[in-house]
Amino acid sequence: MDLTRKQKTTKYICCCLLILLADLLQNVSGLLPEIGGARCFLLIPAVVILSFGEDEIKAALLGLFAGLLWDMSSAVHMGFNCIFFSIVCFTAAALVSHLIRDTFITNMLVSVTAIILYCLTYWLCFIVIKGVEGGEGTLLSFYLPCAVYTAVITPIVYIIYKPIKKRLKNQKAEK
């Protein structure tokens with residue numbers, strides 16, 4: 001069933017609010033616990049789960065919005081998150097459109113892959129290549145624990161976001 005223009009607007013406003021909520025939980029100190037110094041990158045699974053089943057361009061725009069929010073809270077790597085999330089969300093939407101089904105397992109596999117790819121890419125581009133002193137050790141002491149922490153939280157994000165997304169997708173046509 002096709003959604004009306006008003007329903008589509010409502011759907012994408014709600015998706016943006018869900019992304020904003022994940023960004024606030026992730027970037028406001030004290031809202032999510034840090035376990036052994038590891039932070040939860042909640043925005044990654046949130047935006048990947050929301051982009052599943054969407055049109056590729058709309059998913060890339062959701063990723064761009066999520067990346068923009070994350071980039072605004074960081075002064076170090078302006079633009080990296082926008083590009084990364086746009087590519088990841090476009091790829092996730094394309095995979096669901098052409099190759100795989102939107103199931104729990106595929107959501108988890110793509111989300112965890114995106115989490116690991118984000119941590120490794122960020123570590124390589126902004127720690128190793130820039131020559132940060134002692135940066136090689138941060139992979140094992142910070143980035144991999146963050147990836148594991150985020151991967152453990154990913155099913156919870158799925159359980160919370162999937163029913164909301166399903167409800168937004170299956171809105172009744174107005175009479």
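**Helix packing and salt bridges in a predicted model**

Thr150 lies in helix 6, residues 138-169 (helices are DSSP runs of H or I with at least four residues, numbered from the N terminus). Thr150 is buried, at a relative accessible area of 0% (buried means under 20%, exposed over 50%, partly exposed in between, with a 1.4 Å probe and protein chains only). Leaving aside residues up to four places away in sequence, Thr150 touches Arg39, Cys40, Phe41, Leu42, Pro45 and Ile115 (contact means heavy atoms within 4.5 Å).

This is a predicted model, in which local features need pLDDT of at least 70 and side-chain atom pairs pLDDT 80 or more, while totals for chains, interfaces and linings use all residues. Residues are numbered from 1 along each chain as its sequence is written, and side-chain values use heavy atoms, without hydrogens and water.

Helix 6 is also one of the elements against which the buried residues of helix 1 pack, together with helix 2 (43-51) and helix 3 (56-72). Among these buried residues of helix 1 are Lys11, Tyr12, Leu18 and Ile19. Leu24, also in helix 1, is partly exposed, with a relative accessible area of 40%.

Three salt bridges are found in the whole structure (a side-chain nitrogen of Lys or Arg within 4 Å of a carboxyl oxygen of Asp or Glu). Glu54 pairs with Lys11, their closest N and O atoms 3.0 Å apart; both residues are buried. Lys162 forms a salt bridge with Asp102 at 2.7 Å between the closest N and O atoms. Lys162 lies in helix 6 and Asp102 in the loop between helix 4 (80-98) and helix 5 (104-128), so the pair ties together parts 60 residues apart in sequence. Asp102 also forms a salt bridge with Lys165, the closest N and O atoms being 4.0 Å apart. Through shared partners, Asp102, Lys162 and Lys165 are joined into one network.

Definitions and conventions:
Helices (H or I, at least four residues) and strands (E, at least two) are DSSP runs, numbered from the N terminus.
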